[in-house]
Amino acid sequence: MTRPPAAPGAAGPGAYVLGVDSGGSGLRVALGRVELPGPLATTLCAEPVRTGPGGIDATHLLDQLLPAARELLDRASASATDDAPTGEVAALAVGAAGMATLGDRLRSELPGALADALGVRRLALAADAVTAYAGAVGQRPGAVVAGGTGMIALGTDLMEWHRADGWGHLLGDSGGGAWIGRAGLDAAMRAHDGRRGGSPALLDRLRAVFGPAEALPGLLYPRSDRPAVLASFAPEVAACAGADPVAVGILRQAAAHIAEAAAAVCPTSAGTEVEAGERGEVALTGGLFNMGEPLIAPLREELAHLLPGARVTTAAGDPLTGALRIARALAAGDLRLPRHPTMLFVPQEHGSGQHGGTAVRDEPRTG
């Protein structure tokens, strides 16, 4: 079957797209088609991409990505019908933790390497918060709160990005897993000492998880993964919230921090893409919200107070889904999310003047 040539700027019928999610648990790759929703197949490379003095290691990422992509393409080709596409990769989107601050090598090395190896026509390199947004909200105005060990809120009116928090456990990530875990351990140690604000229930959980309370500093301070260790105690706080007022108070304060970050970035009716009187959508994504109602219930109350009229949803898809959505939109010539030099970089457009002026605002929205 002869296929008509692709229109300029758009992928041909049946072309493939690839989405990549690079994070602390490894590298995930999804293969899809431009005209079909969802992935055809996915694969996982369990080794996280290395980060060195020059930032994220582009060679290490390629060493994992290229074999995984070829495997997915070969599997799709083997199961394809006679009139199926021949393997053209029209677009590829990479979302990576640390892309905004540590992605210089990726931005300089990946475009040429992926064009040579896979013949990729269009490429997007995104911060993982952006792919989390695309997976959770799509290409609509709104905000996403990505909560895990840390916490970041990202919003857009489709004109520019707005970010709040995500500054790490020493400077922020307020309301995230490490923040909740540390607050719970603080309450446990207060009970151990006999100080005000202590929680005997949390002290019992500290002893069950870590051993004697007085030994905790020696276990915690030498660790290079302190945020993850602190976050491991957050589910214990949630488990105690049914009967312990101190745990309830910790989660309510966490909910207030999360809601404040969401309110700082959520687009308002001042944005041209948001209808008057609406506050858009706030999507919650990440393992933090697996704690369920002990955190979600006070968070909904706080959001209703700070963002009346906003729709609070759970994420429709994860960051890998978001990367695939961005690749699909690129291939179709319909990427509406704001470009940015480090948050959402599209190399072919860099310097063209079309989207190069988009900014990320770290200050809260007003109005």
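## A buried strand and its neighbours

Ala 143 stands opposite Val 282 in strand S11. Helices (H or I, at least four residues) and strands (E, at least two) are themselves DSSP runs, numbered from the N terminus. S11 also runs parallel to strand S12 (residues 311-314), with 4 bridges joining them, and here Glu 281 stands opposite Arg 311.

How many residues of S11 are buried? For this strand, residues 281-285, the count is 5 of 5, with buried meaning under 20% relative accessible area, exposed over 50%, and partly exposed in between (1.4 Å probe, protein chains only). Glu 281, Ala 283 and Thr 285 point one way, Val 282 and Leu 284 the other, and all are buried.

## What kind of model this is

Keep in mind that this is a predicted model: local features need pLDDT of at least 70, side-chain atom pairs count only at pLDDT 80 or more, and totals for chains, interfaces and linings use all residues. Residues are numbered from 1 along each chain as its sequence is written, and side-chain values use heavy atoms, with hydrogens and water left out.

## The whole protein

The secondary structure comes to 12 helices and 14 strands. Of the 367 residues, 50% count as buried. Take the contacts (heavy atoms within 4.5 Å) between residues at least 6 apart in sequence: 66% of them join residues at least 24 apart.

The protein exposes about 16,100 Å², and carbon and sulfur atoms supply 53% of that. Accessible areas come from the Shrake-Rupley method with a 1.4 Å probe; for residues, only the protein chains shown count as cover.

## An open sheet with helices on it

There's also an open sheet of 6 strands, in the order S3-S2-S1-S6-S7-S13, with mixed pairing. Strand S3 (41-45) and strand S13 (344-345) stand at the edges with a single partner strand each, so one side of each has no neighbour in the sheet. S13 runs antiparallel to strand S7 (residues 122-127), joined by 2 bridges, and Leu 125 has Phe 345 as its bridge partner in S13.

Helix H3 (residues 104-118) packs on this sheet, touching strand S1 (16-23), strand S6 (89-96), S7 and S13, and its direction makes about 145° with that of S7. Helix H4 (residues 128-136) packs on the sheet as well, touching S6, S7 and S13, at about 105° to the direction of S7. For these angles, axes are lines fitted to C-alpha atoms, for helices over the stretch in contact, and angles run from 0 to 180 degrees between N-to-C directions.

## Loops worth a look

Most residues other than glycine have a negative phi. Leu 158, in the loop between strand S9 (151-156) and S10, has a positive phi near 70°. It counts as buried because its relative accessibility is 15%. Asp 173 also has a positive phi, about 55°, and sits in the loop between S10 and H5; at 11% relative accessibility, Asp 173 counts as buried.

Is Leu 170 buried or exposed? Leu 170 lies in the loop between strand S10 (161-165) and helix H5 (177-193), and its 74% relative accessibility is why it counts as exposed. Together with Trp 167 and Leu 171, Leu 170 makes a nonpolar surface patch of about 410 Å². Patches are made of residues with over 30% relative accessible area and no salt bridge, with like charges joined within 9 Å and nonpolar side chains (Val, Leu, Ile, Met, Phe, Trp, Tyr) within 5 Å; a salt bridge is a side-chain nitrogen of Lys or Arg within 4 Å of a carboxyl oxygen of Asp or Glu.

Terms used: Pairing = 2+ DSSP bridges.
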